[in-house]
Amino acid sequence: MVLYQPTLDRSFAALADPTRRAILLRLGRSDASITQLAEGFDMTLTGVKKHVHVLEEAGLVSTKKLGRVHRCRLGPRRLEDVSKWIGSYRTMLEQRLDHLEDFLERTKGTP
Amino acid sequence: MNRAANAAKAAITTPSEREIRIERIFDAPRDRVWKALTDPALVAQWWGRGNKLVIERMEVRRGGHWRFVEHAPEGEHGFEGRYREVTPPERVVQTFEWDGMPGHVAVETMTLEDLGDGRTKLVTVSLFHTIEDRDGMLQSGMEGGVNQSYDALDRVLLELR
């Protein structure tokens with residue numbers, strides 16, 4: 001199996017769970033500790049830790065231990081990276097189809 | 001048919017964040033569209049989006065390789081992949097990779113539908129994979145659950161911005 005290596009699919013898998021998406025939204029507003037997240041979502045510390053771990057593996061969340069508190073924040077990977085390549089691919093594909101259309105128009109009547 | 005007229009007939013939908021589906025209707029018979037997609041001499045005339053295109057390889061058959069290099073003013077862009085299915089004149093399935101994003105693989109399925117009036121509908125569905133998918137290192141079991149949640153992803157992306 002692959003070791004720690006953030007990929008598109010890891011991000012997608014991390015986002016498959018509604019709680020994890022909610023955690024990302026929460027961290028989008030401000031950093032939070034595991035305890036604060038657990039309180040906000042009415043979950044056990046263990047449950048939150050598990051979700052945070054999955055997000056961490058996908059590179060979407062990083063945690064830092066400050067004394068006894070685990071501080072969670074977004075990053076280093078941004079969700080924008082996940083969709084960036086797909087976005088530029090789409091633009092290229094549309095341009096290609098435009099040129100294909102022009103080509104067919106230009107060569108009309110040929111076999 | 002001009003671009004604007006076709007735009008009305010074109011449809012782009014994003015069933016999931018990593019799947020792109022584009023429909024286009026061309027005012028050309030299916031055999032001509034097929035040829036434009038699979039004959040290197042014709043592909044060279046449009047695929048480069050107006051840039052010079054060098055077709056290094058184009059083996060249009062199952063398992064065959066293709067590699068195109070676009071010579072744009074700002075530099076060269078290499079693209080390549082393999083044909084997974086070639087069914088004339090209706091279907092091509094191929095992988096697509098850009099040199100600039102190694103490991104990010106899209107599987108493109110192009111379906112040509114004869115509309116019966118001299119026009120052809122081309123449906124392109126592109127599904128994005130990672131190198132782990134391609135090499136079969138990841139279990140495919142997670143796909144089901146993942147796909148269900150994509151509709152929420154756009155919202156998440158917007159809110160995080």
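User: Among the elements of chain A, which has the lowest mean pLDDT and which the highest?
Analyst: This is a predicted model, in which local features need pLDDT of at least 70 and side-chain atom pairs count only at pLDDT 80 or more, while totals for chains, interfaces and linings use all residues. Residues are numbered from 1 along each chain as its sequence is written, and chains are lettered from A and ligands numbered from 1 in the order in which they are written. pLDDT is the predictor's confidence in each residue, from 0 to 100, and elements are DSSP runs numbered from the N terminus, helices (H or I) of at least four residues and strands (E) of at least two. The lowest mean, 65, belongs to helix H1 (residues 8-14) of chain A, and the highest, 92, to strand E1 (residues 32-33) of chain A.

User: Over which residues of chain A is the pLDDT below 50?
Analyst: Chain A averages a pLDDT of 80, and 78% of the residues score at least 70. One stretch has eight contacts in the model beyond near neighbours in sequence, a contact being two residues whose C-beta atoms, placed from the backbone, lie within 7 Å. The pLDDT is below 50 over residues 1-6 of chain A.

User: Are H3(A) and H4(A) roughly parallel or roughly perpendicular to each other?
Analyst: The axes of helix H3 (residues 34-41) and helix H4 (residues 45-57) of chain A come within 9 Å and cross at roughly 110°. Axes are lines fitted to C-alpha atoms, for helices over the stretch in contact, with angles from 0 to 180 degrees between N-to-C directions. Angles under 35 degrees count as roughly parallel, over 145 as roughly antiparallel, 65 to 115 as roughly perpendicular and the rest as oblique. H3(A) and H4(A) are therefore roughly perpendicular.

User: Which strands stand at the edges of the open sheet in chain A?
Analyst: Three strands form this sheet in the order E1-E3-E2, with antiparallel pairing; two strands pair if DSSP finds at least two bridges between them. Each edge strand has a single partner strand, so one side of each is left without a neighbour in the sheet. The edge strands are E1 and E2 (61-66) of chain A.

User: Which residue is the bridge partner of A:Lys65?
Analyst: E2(A) pairs with strand E3 (residues 69-74) of chain A in the antiparallel sense over six bridges. In E3(A), the partner of A:Lys65 is A:His70.
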